[in-house]
Amino acid sequence: MTDQDVSSGIGQGSDPLAETLAGTLARAIAEAGFALMSLAEIEDLTRGWVPELLHVLEREGADLEPARRIGMALVDANMTNPGVLETALEVLLDHLPAGRWSSTVRAAVAAGYAAGLRRATLAEQEQIAGAIIIAYARVDRMARESEARFRALFDGSAVGIGISDRTGRVVQVNQALATLLGYTVDEMCGFWVPEMTHPSDPPEIWDQYRRMMLGEIDHVRMEKAYYRKDNAVVWVDLTVSLIRDDQGNPQFAVAIMDDMTDRHHLQATLSHQALHDPLTGLPNRSLFAERIAQVVATAGPQSRMGVCYLDLDGFKRINDTLGHDTGDQLLITIADRLGRCAEDRGHLVARMGGDEFVLLVERSAGMGQLAALAEAALAVVAVPISVGPHRLRVTASIGVVECPAMGADLGDILKAADVTLYRAKAAGRGRWLAYDPGTVAELVAGYELCAALPDALERGEFSLVYQPIVGLSDGRPWGLEALVRWHHPSLGLLTPDRFIGPAEETGFIVQLGQHVLREACREAAAWRERFAGGELFVSVNLAVAQAHEPSLVDEIKRTLVETGLDPSQLQLELTESALMSTAGAPLEALRALADLGVRVAIDDFGTGYSNLAYLRSLPVHALKLPQQLVGGLRGPADRSKIDERIVDALIRLAHAIELTVTAEGVETQAQAEQLSALGCDSVQGWHIAKPCSADQLDRVISRLGRAPHLPGPRAEPKSS
Amino acid sequence: MDHFRGVRQVDLPSWAPGSVDISQPSAARVYDYILGGAHNFAVDRALGDEVIRTSPNAAETMRVNRVFLRRAVHFLVGQQVTQFLDIGSGVPTVGNVHEIAQKMAPESTVVYVDVDPVAVAHSEAILEGNDRAGVICADLREPDRILEETRRLGLIDFDRPVALLLAGVVHFLSDADGPGRSIARLRSVLAKGSYLLISHITLDQQPPEVAAAQRLAARTSTPMYPRTQDELKAFFGDLRLVEPGLVFIPAWRPDAGGVVERPEQTGAYAGVGYRG
């Protein structure tokens, strides 16, 4: 390998000892497994070394450098495992002559190996250290470049990024975050995260933050509100990630927040819209249902709840007469009042639709609380309301349900409230009634009655009866009032007081009214021939809603033509409040009918508010005094005679403006006589004749013709 | 060679820097230590000694693997392959591919790939002045990046036959790392006439104490994942294994006169696949 001059004289395969020694040495190394070379390659090496070694051995006292170089050559061939040296020396000991010089030469080989190993080790250590320095520098540069990229990302990001340490102190924020919250970057550093609260924060978010700082969770995502420096509120989509140190302990929290204030407001608006009534701004049916579900879900065994189900009385009429704008304004005002009334007491009020409202008492203290609430609601509704030129007085009816909250069912509650409300209406409106489970059947019947009306008409369950109106001057029947009856399949015969209210509320009254009008006219048209000697008129009640039907005049004209009834034989009865509130088109219609020759009577005169000055300009022919007034006539024994004076005044008033007067509900002969004495024109009532069906009319009319029960031809008026 | 967990997170973007932490052992330097080199530190030697203690065959397996690589490069040059892509090359001190190949065929080109920045810097020092060999710092789990950076060096023409060397590296990847996917991607660029070399530890035919030692080693910071012969064969895909197939390392084309006794004791397979 080295110094070819020295080795050339001896070796080159000619020396048998050298050949043997080179081969033995190579095999020993290969078998020891210390080399990464094939046997042939190792032999190439040992053949180079051995002649040199033998050359030194032959010359005692010669330079030992060649022997040392052989030791170094082992190292250079990567045979750095000390076992190689051991193996090599053993082979040399076995094959070289013994003696001191031989030992010295072997020691030189070992020394050379040691020196070579030391040199190689130092060189390799230097080499690997150099590589470490280069790698450090390179990784450091990459880290700096990476940091620069991250820095650019951090600074230039449109999303807000903030970093806080494990104590919650903000240590770094980017410009986007500072801008989002309205601070400078410097102002924000030093903020304490647990202080960045907002009242809308659900408690669990701070629990999650605490758990993150304990290292229990690594990521949290939520929507959260923050106060800006100017106290405005921003909503952000917030992601917080935990950064741990090398030991895995929480070190930093990185918060990334994206401004979603607009989206949040939109969502809030949408969800508010979904749960609130657009007209009044009150919670709607969905929110009410949601709240009930919450109450039920959180109810304990002792919990009670209650609802006041409120419906305005006669709202449909207001809508029909004054228009929907006025109706809407009225609803807004009522909603506002109910809202304040409920909120003052901490209750929810919702608009269930139309003119129906519900007040929810989530934790009821008992019926007394509900009663007080219902009274309060009735009171705020009753305060007169000005809508444009109108000053309206409305009343409401309320159905109250108070029940255990646990296991309560929304549908059951609403149904109970509804039927109770209906009962309150039926009981005269403007009042509240409590749900009474004992009268469930009755309630349900009333409730179902309403729903059954349209079918009943189709099935022909309605029929007419007629009650005679008899003239006091001649004792003869002048006309007959047509009254409707309902032959209910299971409830039997029902009088109008059971179903006219519901029919008015549902608007079914128009259809029913038309039916009654047609039937009555058809029947009356036959009377001219049937009852010779008298032209009996038929008197038909006209509901307010009918009076507002634009087709009313045409309808009546057609009916008269179809039935052949003379207009003078038809009288329409309207209540005075209907007439008094009538303006515009309905009044025109009544005038048109009056011009045709149809009579118009004011029903129940004196029970409502009458504008007496206005009365004379109305197309009215007759007044009907109600049973309440007539019933007050108790004959000569009545000392106060107050009722008599009132009736007297009304009759005089009517006559003064040329109206005839019919007294209803006459039940005694004394009343008949007294009315006759006061100058009343005609009477009607059980004392005269009970209502009867059309086919019974012959008998009734002929009996009346004999008129034994009437005072006979009227005496001269008392005043004369 | 260095695929220690924690050195690099696969989910980091590829431009995230690696790290240099000489307080942690490096597989490349442990390998160097066991092969008798001094390119290592106390922490590497401590782990090397631990490996030798717990798994007595390990040191022998590493030497055998190195000798096999030498034989295989001889074979490949003999098959007229002159382009080598050596992934997991480590600290290429002893019997490295470029020396062997360029000694036989001076025009041979070699690209070394390692994930350890120190091994890469070291390789650069060794390769200084050799314009037919280069080194890149990349991870076997990022085959596309390996291919991209290899092409950028301009030393390997993938239109011509290439020898792809995966000597003692694939067993540092767990199944979750998807070694099959990486190898398939690399295989896909091999032109006709190319070769794929794999050597890999196994528990096939190993005595129970070796399996126990292996399980112990798996709990250290440098776990290795032995695989069965069938699993390893799958890595060759549609390549045809050259004679003698996938065998225990010493049995793969031993040198003439070389003695092969109980080759399974090495606990590692080697094989070379050929794309015909």
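Two residues are in contact if their C-beta atoms, placed from the backbone, lie within 7 Å. On that basis the contact between the two chains takes 28 residues from chain B and 24 residues from chain A. The structure described here is a predicted model.

**The side of chain B that touches chain A**

Helices α3 (58–78) and α5 (117–127) of chain B each supply at least two residues of this side. The helix that gives the most is α5(B), with 6 residues. Sorted by class, the side of chain B that touches chain A has 13 nonpolar, 10 polar and 5 charged residues.

**Two open sheets in chain A**

Strands of a sheet pair through backbone hydrogen bonds, either parallel or antiparallel. One open sheet of chain A has 5 strands in the order β2-β1-β5-β4-β3, and its pairing is antiparallel. Its edge strands, β2 (170–173) and β3 (219–227) of chain A, each pair on one side only. From one strand to the next, the twist of this sheet averages 25 degrees.

Another open sheet of 5 strands in chain A has the order β7-β8-β6-β11-β12, with mixed pairing. Strands β7 (348–353) and β12 (432–434) of chain A stand at its edges with a single partner strand each, so one side of each is left without a neighbour in the sheet. Here the twist averages 20 degrees from one strand to the next. Helix α14 (residues 367–382) of chain A lies across β6, β8 (356–361), β11 and β12 of chain A. Relative to β11(A), α14(A) runs at about 160 degrees.

**Strand β16 of chain A**

Strand β16 (residues 537–541) of chain A is largely enclosed by the rest of the structure, because 5 of its 5 residues are buried. In a regular strand the side chains alternate between the two faces of the sheet. Both faces of β16(A) are covered: A:F537, A:S539 and A:N541 are buried on one side, and A:V538 and A:V540 are buried on the other. Two pairings of β16(A) can be followed residue by residue: A:L480 stands opposite A:V538, while A:S539 has A:Q571 in β17(A) as its bridge partner.

| Strand | Partner strand | Sense | Bridges |
|---|---|---|---|
| β3(A) | β4(A), residues 233–244 | antiparallel | 9 bridges |
| β6(A), residues 304–312 | β11(A), residues 396–404 | antiparallel | 9 bridges |
| β14(A), residues 477–488 | β16(A) | parallel | 4 bridges |
| β16(A) | β17(A), residues 570–575 | parallel | 4 bridges |

**A loop residue in chain B**

B:S174 lies in the loop between β4 (163–167) and α7 (179–187) of chain B. This residue counts as partly exposed because it has 14 C-beta neighbours inside 10 Å; a residue would need 20 or more to be buried, and 12 or fewer to be exposed. The C-alpha atoms of B:S174 and B:Y225 are separated by 6.1 Å, although the two residues are 51 residues apart along the chain.

Note on methods:
Residues are numbered from 1 along each chain as its sequence is written. Chains are lettered from A and ligands numbered from 1 in the order in which they are written. This is a predicted model: local features need pLDDT of at least 70, side-chain atom pairs count only at pLDDT 80 or more; totals for chains, interfaces and linings use all residues. Two strands pair if DSSP finds at least two bridges between them. Axes are lines fitted to C-alpha atoms, for helices over the stretch in contact, and angles run from 0 to 180 degrees between N-to-C directions. Ala, Val, Leu, Ile, Met, Phe, Trp, Tyr, Cys and Pro count as nonpolar, Asp, Glu, Lys and Arg as charged, and the others, Gly among them, as polar.
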